[in-house]
Amino acid sequence: VGSEMCIRDRLTHLLTDPLPISRRAKARALLDEYLFELVNDVIEDQPQIKTAAARKRAVRALSEYAIGAIILPMDAFEERAREYRYDIEALADSFSVEVEAVCHRLTALPRSEDVPRFGYFQANAAGTIIKMLGLEGLALPRYAAACPLWVLYRAQQSPETVIRQRALFPSGSRFVFVARARHTGPTGFGKPRHYVTDMIAMNEGAASHTVYSPDPSSLVEEIGPNCRMCPRRSCLHRVEDPLSE
């Protein structure tokens, strides 16, 4: 027993961190130490960013991109993404990062004919879209909530579970949505859990390159951007009349 304790103590001291720290937190520290001035210089060179609020949002967005580039280097990430056929959970496990980081990084993949183009959305429990990186051809709500039939909202009924949706828009465009809800914030007995949902979106044709490629017989759900922009008058979930009326 004494020998085992001695070996254990020696190995414990070899750990680089006294407490578990996520790779994201480490990347954030590296950003603050080495890239803080660069991020600010890039934003200062953008004449369209005029207000303090706009500058704050720009710093946050560029910092998020930089953190993703640190923890998920593009060469390695692109190769692994192809290997795993863009499986967000498998990629998160492979790089020891959160699914959120993987979803965000997928939108930055270099353009190629055999690489799907991804959009990324994040929503909180109130249904508010708090992050949105759009996808060409996908109609997006700008100043109101999205259609409640999006799997982006349904996923919070089954936290930590990946749910796929074949989505048909009124325009005839077809997309595949892949969503996963996760708890955020501190945990512990008696503390309420708060959830956010991460969702990637891709054209249905492009989904054939991914693990989420739907079977031709799987359900196609009719959805829309939101009630005001959607012409589906017979929808049972409509809460507002369309703008065309």
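Q: Which residues in helix 2 meet which ones in helix 3?
A: This is a predicted model, so keep that in mind. From helix 2 the contact takes Arg-23, Arg-24, Ala-27, Arg-28, Leu-30, Leu-31, Leu-35, Val-39, Asn-40, Val-42, Ile-43 and Glu-44. Helix 3 brings Arg-55, Ala-58, Val-59, Leu-62, Ser-63, Glu-64, Ala-66, Ile-67, Ile-70 and Ile-71.

Q: And by class, what does the contact of helix 2 with helix 3 have?
A: There are 14 nonpolar residues, six charged and two polar.

Q: At what angle do helix 2 and helix 3 pack?
A: About 130 degrees, with the axes 8 Å apart. Helix 2 covers residues 23-44, and helix 3 covers residues 52-71. That angle makes helix 2 oblique to helix 3.

Q: Is the crossing of helix 2 and helix 3 left-handed or right-handed?
A: Right-handed.

Q: OK, what about helix 3 and helix 6, what angle there?
A: Helix 3 packs on helix 6 at about 100 degrees, and their axes are 10 Å apart. So helix 3 is roughly perpendicular to helix 6.

Q: Which residues meet between helix 3 and helix 6?
A: Glu-64, Tyr-65, Gly-68, Ala-69 and Ile-71 come from helix 3. Ala-101, His-104 and Arg-105 come from helix 6. Sorted by class, the contact has four nonpolar, two polar and two charged residues.

Q: Switching to helix 4 and helix 5: how do they pack, at what angle?
A: At about 135 degrees, with axes 10 Å apart. Helix 4 is residues 74-83 and helix 5 is residues 88-95. That makes helix 4 oblique to helix 5. The crossing of helix 4 and helix 5 is right-handed.

Q: Which residues in helix 4 meet helix 5?
A: Ala-76, Phe-77, Arg-80 and Ala-81. On the helix 5 side they meet Leu-91, Ser-94 and Phe-95. The contact of helix 4 with helix 5 divides into five nonpolar residues, one polar and one charged.

Q: What lines the largest pocket?
A: Arg-57, Arg-60, Ala-61, Glu-64, His-104, Tyr-120, Ile-130, Lys-131, Met-132 and Leu-133. Helix 3 and strand 2 (129-133) are the elements that give two or more residues to that lining. By class, the pocket lining has five nonpolar, four charged and one polar.

Q: How many cavities of 30 Å³ or more are there?
A: Two. The largest cavity holds about 80 Å³ of space. The second largest cavity has a volume of about 60 Å³.

Q: Which residues lie nearest the centre of the largest cavity?
A: Cys-147, Pro-148, Cys-227, Cys-230 and Cys-235, out of 13 lining residues. The lining of the largest cavity divides into seven nonpolar, three polar and three charged.

Q: And what lines the second largest cavity?
A: Arg-24, Glu-64, Ile-67, Gly-68, Glu-100, Ala-101, His-104 and Lys-131. Helix 3 and helix 6 (99-106) are the elements giving two or more residues there. Its lining has four charged residues, two polar and two nonpolar.

Q: Where else does Glu-64 turn up?
A: Glu-64 is in the contact of helix 3 with helix 2.

Key. Residues numbered from 1 in each chain as written. Predicted model: local features only at pLDDT ≥ 70, side-chain atom pairs only at ≥ 80, totals over all residues. Heavy atoms only, no water. Axes fitted to C-alpha atoms, helices over the stretch in contact; angles between N-to-C directions. Helix = DSSP H or I, 4+ residues; strand = E, 2+ residues; numbered from the N terminus. Parallel < 35°, antiparallel > 145°, perpendicular 65-115°, else oblique. Left-handed = near helix turned anticlockwise from the far one by under 90°. Contact = heavy atoms within 4.5 Å. Nonpolar A, V, L, I, M, F, W, Y, C, P; charged D, E, K, R; others polar. 1 Å grid on protein atoms, 1.4 Å probe; cavity = no way out; pocket = protein on both sides within 12 Å on 5 of 7 lines; lining within 4 Å. Points joined across faces, edges and corners; volume = space filled by probe spheres on them.
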